[in-house]
Amino acid sequence: WTSLRIPIIPSYDQYQPYYKYIHWSTYILVSVKWLIFWYNDNMHENFFLNLKVYYEDTDSGGVVYYANYLKFLERARTEALFSIGFSNKKIQENYNSLIIVKSCNIEYKKPAHLEDELKVRSFVKSITKTSFFMNQIITKDKEIVVEAQVHLVFVNKEGKPVKIPDEIYSKFKPYFCDSIKN
């Protein structure tokens, strides 16, 4: 088919609808524009961590116990810190701060099983002066197993929010979504 019949506006004649023919290439153009938008929104660095599911991670049926995904996400965030030259201990000692989880929204899409090879992808979705949202996606063979958005806050030893240290902010910047890089 080279054209599709799509009603755009009603006809002046109440009994005959008015159809405008739109060429199929218009839909390809719209699809390409959407793809460019998606690509630009995802043009940032990612932290990656590869994991293997061990017996200790599963229930009696060989399926990963739901709470263990939170451990996988925490491990990935810790490795992300290491990859930019920091650690939780170093942040505590040098900046008198801690990074705490304020909230976590997690969606379980598919189960992972014993001895599965998983990959955790993490990136910073949004940021404020004291906190940031990190999106984390766990995949198995390029299929999404878990998606999570974690709200992380920098706090002092009394638990009060503090400004993210400039050095840490600048090291995380390549991992920000394009919409927040400026």
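Which residue forms a salt bridge with K163, and how far apart are the closest N and O atoms? The partner is D166, and the closest N and O atoms of the pair are 2.7 Å apart, where a salt bridge is defined as a side-chain nitrogen of Lys or Arg within 4 Å of a carboxyl oxygen of Asp or Glu. D166 counts as exposed, since its relative accessible area is 55%; the terms used here are buried for under 20% relative accessible area, exposed for over 50%, and partly exposed for what lies in between, all with a 1.4 Å probe and protein chains only.

The model is predicted, and local features need pLDDT of at least 70, side-chain atom pairs count only at pLDDT 80 or more, while totals for chains, interfaces and linings use all residues. Residues are numbered from 1 along each chain as its sequence is written, and side-chain values use heavy atoms, with hydrogens and water left out.

The overall plan can be read from the elements of the chain. The protein has four helices and seven strands, which are DSSP runs numbered from the N terminus (H or I of at least four residues for helices, E of at least two for strands). Following the sequence, these elements come in the pattern β-β-α-β-α-α-β-β-β-β-α. Of the 182 residues in the protein, 31% are buried.

Another salt bridge links E107 with K109, whose closest N and O atoms are 3.3 Å apart. Here E107 is partly exposed at 43% relative accessibility, and K109 is partly exposed as well, at 40%. Salt bridges that share partners join E107, K109 and E147 into one network.

Y108 lies in strand β4 and is partly exposed at 36% relative accessibility. Together with Y65, Y66 and L70, Y108 forms a nonpolar patch on the surface, with about 410 Å² of accessible area in total. Such a patch is made of residues with over 30% relative accessible area and no salt bridge, with nonpolar side chains (Val, Leu, Ile, Met, Phe, Trp, Tyr) joined within 5 Å and like charges joined within 9 Å. The areas come from the Shrake-Rupley method with a 1.4 Å probe, and for residues only the protein chains shown count as cover.

The next feature is an open space. The largest pocket holds about 290 Å³. On a 1 Å grid over the protein atoms alone, a pocket is an open set of points where a 1.4 Å probe fits, with protein on both sides within 12 Å along at least five of seven lines, and its lining residues have an atom within 4 Å of a point. The pocket is lined by 13 residues, and the closest to its centre are K119, R121, I137, T139 and K142. Strands β3 (47–52), β5 (117–127), β6 (131–140) and β7 (143–156) each supply at least two residues of the lining, and β5 gives the most, with four. By class, the lining has four nonpolar, two polar and seven charged residues.

The loops deserve a look too. Most residues other than glycine have a negative phi. N96, however, has a positive phi near 50°; N96 sits in the loop between α3 (88–95) and β4 (97–108) and is partly exposed, with a relative accessible area of 44%. D141 also has a positive phi near 50°, lies in the loop between β6 and β7, and is exposed at 66%.

F86, in the loop between α2 and α3, is buried with a relative accessible area of 4%, and its C-alpha atom is separated by 9.4 Å from that of K171, 85 residues apart along the chain. L114, in the loop between β4 and β5, is partly exposed at 35%, and its C-alpha atom is separated by 7.7 Å from that of D57, 57 residues apart along the chain.

How values were computed:
Grid points are joined across faces, edges and corners, and a volume is the space filled by probe spheres set on the points. Ala, Val, Leu, Ile, Met, Phe, Trp, Tyr, Cys and Pro count as nonpolar, Asp, Glu, Lys and Arg as charged, and the others, Gly among them, as polar.
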